[in-house]
Each structure stands twice: as C-alpha cells, then as structure tokens.
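Thank you all for making time today. Please take a moment to look at the sequence and the model on the screen, and then I will talk you through them.

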Amino acid sequence: ALRALCSLRLPEMVEYIAEPLRRSLTDPHAYVRKTGVMGCLKLFHLCPEESMSMIDTLYDMLRDSDSMVVQNCIYVLNEMMRDTEYGGMRINRAIMQHLFERLHEFSEFGVHCVLDLVPRYKVVDANEAYGIMNILDPLLR
C-alpha cells in the first residue's frame, strides 16, 4: 500500500503520504523500511521541504540491521543532498568505517553506492588511506 501511495505523483497527496512514510521508517519489518526509504525519495521529488525533515532518520538508518535498507539509505541521502555543499550525503570517518565493515553484506548496487562515497571522503593520514585501499583491494580485482 505504501509503495502505491508513494507512486501517486500528485502534490495534493503529500499530506497523506508524509505520516505513513515516517511510520514505515521505524517498522519492525525490513521490507517496509526499505520501501519507506525509497518513498522518501519520491516524496522529495514532490515536496522537498516535507522530506528534508526525514534526513536525520535516514542517517540513523545507516546502522539498520538489514543491508538492503542501508544501501537504499545511502542512495536516497545522496540524491536528496546532491545540490548541497557536500555534493551528496555528508560523510565522516564513523560512517565510512561502518559501511566498510558491512561491505561484504551489500549487493553490487550497494557496493557501488559505497564506492561512490570514497572519492569524497577526506582521509586523516596515509595509514588510513592504505587501510581503505586494503579493504577495497578484493573488490577492485
């Protein structure tokens, strides 16, 4: 039902879509959360102001137990924040370390989403850069 509701591209529907989307992001079932995350992007295209209030929740969902939810969060955050000063989702060392640790859980799409973040990440020192290269080496063979 949520997917069908979000597929209606009518600005008049925003008030009916926003609250079910918020609830879906905390649902106990991963499929509902994943659908809710993608619904946030659809809402963003309809009404950016309404969906911007969900950005903090989407960042929190980067630690979700389901890898599909996490990779969709990366994609949606990058799309929603593409025109900001960061050129996509804001990343820091904690986020990147967490994503690198879970890289083996992601599908090819998810790995691609994480690899898109790597060039924008500012490493602290050469040791960290070498550590990232060691993590990514098996993926780039």
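Which residues have the most contacts inside the largest nonpolar core? Before I answer, please keep in mind that this is a predicted model. The residues are Leu58, Leu62, Ile74 and Met89, and the core that holds them has 40 residues. Two or more residues of this core come from each of helix H2 (14-24), helix H3 (30-46), H5, H6, H7, H8 and helix H9 (126-136), and the largest share, seven residues, is given by H6.

Let me step back to the whole chain for a moment. The protein chain has nine helices and zero strands, and its 141 residues include 42% that count as buried. The C-alpha trace spans about 50 × 30 × 25 Å along its principal axes. The radius of gyration is 16 Å, which agrees with the value near 14 Å that a compact globule with 141 residues would have. If we take the contacts between residues at least 6 apart in sequence, 61% of them join residues at least 24 apart. The chain exposes about 8200 Å², and 54% of that area is supplied by carbon and sulfur atoms.

Not counting residues up to four places away in sequence, isoleucine 74 touches Leu62, Met89, Leu99, Cys113, Val114 and Leu117.

Three of those names lead us to helix H8, which covers residues 108-117 and whose buried residues are Gly110, Val111, Cys113, Val114 and Leu117. Where do these buried residues fall when we look down the axis of H8? They fall within an arc of 155°, so they line one face of the helix. The buried residues of H8 pack against helix H6 (67-80) and helix H7 (93-101).

A search of the whole structure finds one aromatic pair. The ring centres of tyrosine 75 and phenylalanine 109 are 5.7 Å apart and the ring planes are at 55°, so the pair counts as tilted. Because tyrosine 75 lies in helix H6 and phenylalanine 109 in helix H8, the pair ties together parts that are 34 residues apart in sequence. Tyrosine 75 is partly exposed, at 29% relative accessibility, and phenylalanine 109 is also partly exposed, with a relative accessible area of 38%.

Staying with helix H6, is methionine 80 buried or exposed? Methionine 80, which has its place in helix H6, is buried, with a relative accessible area of 3%. Leaving aside neighbours within four places in sequence, methionine 80 is in contact with Cys40, Leu41, Phe44, Ser51, Met52, Ile55 and Leu58. The C-alpha atoms of methionine 80 and histidine 45 are separated by 8.7 Å, although these residues are 35 residues apart along the chain.

For a contrast, I will finish with aspartate 56, which is found in helix H5 (residues 55-60). Aspartate 56 is exposed, with a relative accessible area of 58%, whereas methionine 80 is buried. From C-alpha to C-alpha, aspartate 56 and leucine 77 are 9.9 Å apart in space, while in sequence they are 21 residues apart.

Note on methods:
Residues numbered from 1 in each chain as written. Predicted model: local features only at pLDDT ≥ 70, side-chain atom pairs only at ≥ 80, totals over all residues. Heavy atoms only, no water. Buried < 20%, exposed > 50% of the residue type's maximum accessible area, 1.4 Å probe, protein only. Helix = DSSP H or I, 4+ residues; strand = E, 2+ residues; numbered from the N terminus. Arc of directions from axis to C-beta. Contact = heavy atoms within 4.5 Å. Phe/Tyr/Trp six-rings, centres within 6.5 Å; stacked < 30°, edge-to-face > 60°. Rg over C-alpha atoms; globule rule 2.2 N^0.38 Å. Areas by Shrake-Rupley, 256 points an atom, 1.4 Å probe, with all protein chains shown as cover. Core = buried A, V, L, I, M, F, W, Y, C linked by side-chain atoms within 4.5 Å.
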